Amino acid sequence: MNKTNQSHDVIVSGIHLELTSGLKAYVREKTERLFRHEEHIVRIKVELECERKHDREHKFVVKGHIVIHGPDINATVEAEECYKAVDLLIDKLDQGLRKRHGLHKDKRNHPHAIEFSDVGLPKAI
């Protein structure tokens with residue numbers, strides 16, 4: 001796994017939202033959970049966006065992008081509260097990392113192609 005003294009590259013940005021130091025610290029604290037699972041993560045980018053409607057309701061949209069060796073993982077979550085949206089995003093990204101890990105684990109267990117010697121294949125036209 002990752003070494004504890006290694007710093008991770010987490011980029012937090014806000015769109016139509018003023019980022020406080022507490023909100024940045026909360027996002028960085030939650031993203032540490034993702035670095036626990038996968039040691040090949042290059043960078044995590046989190047965008048917090050506040051969509052304001054005319055009737056004074058706020059909807060927070062949080063987008064996450066994990067740059068990793070191989071296909072990147074992206075997720076988007078909408079919620080009424082900013083901290084709740086961050087929690088839901090981290091859960092979604094964590095699920096994507098677990099799914100990716102499971103796929104790589106399956107490939108490790110079956111590294112060779114399976115040969116079908118007794119099966120007749122249809123001829124190409």
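Two strands are said to pair if DSSP finds at least two bridges between them, and the strands themselves (E, at least two residues), like the helices (H or I, at least four residues), are DSSP runs numbered from the N terminus. This is a predicted model, in which local features need pLDDT of at least 70 and side-chain atom pairs count only at pLDDT 80 or more, while totals for chains, interfaces and linings use all residues. Residues are numbered from 1 along each chain as its sequence is written, and side-chain values use heavy atoms, with hydrogens and water left out.

**Strands and their pairing**

Strand 3 and strand 4 pair in the antiparallel sense over seven bridges, and Ile66 has Ile73 in strand 4 as its bridge partner. These two strands form a hairpin with four residues between them, and Gly70 in the turn has a positive phi of about 115°. Strand 2 and strand 3 also run antiparallel, joined by eleven bridges, with Val46 standing opposite Gly64 in strand 3.

Asn74 lies in strand 4, and its C-alpha atom is separated by 5.7 Å from that of Gly64, ten residues apart along the chain. Leaving aside neighbours within four places in sequence, Asn74 is in contact (heavy atoms within 4.5 Å) with Gly64, His65 and Leu93.

Helix 1 comprises 17 residues, 21-37, and at 1.5 Å a residue it should span 24 Å, which agrees with the 26 Å between its end C-alpha atoms; the expected span is 1.5 Å times one less than the number of residues. Its buried residues, where buried means under 20% relative accessible area, exposed over 50% and partly exposed in between (1.4 Å probe, protein chains only), are Leu23, Tyr26, Val27, Thr31, Leu34 and Phe35. Thr31 touches Val10, Ile44, Val46 and Ile90, not counting residues up to four places away in sequence.

In the loop between strand 1 and helix 1 is His16, which has a positive phi of about 60° although it is not a glycine.

**The nonpolar core**

A nonpolar core is a set of buried Ala, Val, Leu, Ile, Met, Phe, Trp, Tyr and Cys residues joined through side-chain atoms within 4.5 Å. Of the 27 residues in the largest such core, Leu48 and Ile66 touch the most other members. At least two residues of this core are supplied by each of strand 1 (10-15), helix 1, strand 2 (41-52), strand 3 (58-68), strand 4 (73-79) and helix 2 (82-109), and helix 2 gives the most, with seven residues. Not counting residues up to four places away in sequence, Leu48 touches residues that include Val12, Leu23, Val27, Val62, Cys82 and Val86.

**Cysteines and accessibility**

What does the count of disulfides come to? With a disulfide taken as a pair of cysteine sulfur atoms within 2.5 Å, the count comes to zero. Cys50 is in no disulfide, and the nearest cysteine sulfur, that of Cys82, is 8.2 Å away; Cys82 is likewise in no disulfide.

The table gives the accessibility of several residues discussed here.

| Residue | Relative accessible area | Class |
|---|---|---|
| Thr31 | 0% | buried |
| Cys50 | 6% | buried |
| Cys82 | 10% | buried |
| Asn74 | 54% | exposed |
| His16 | 61% | exposed |
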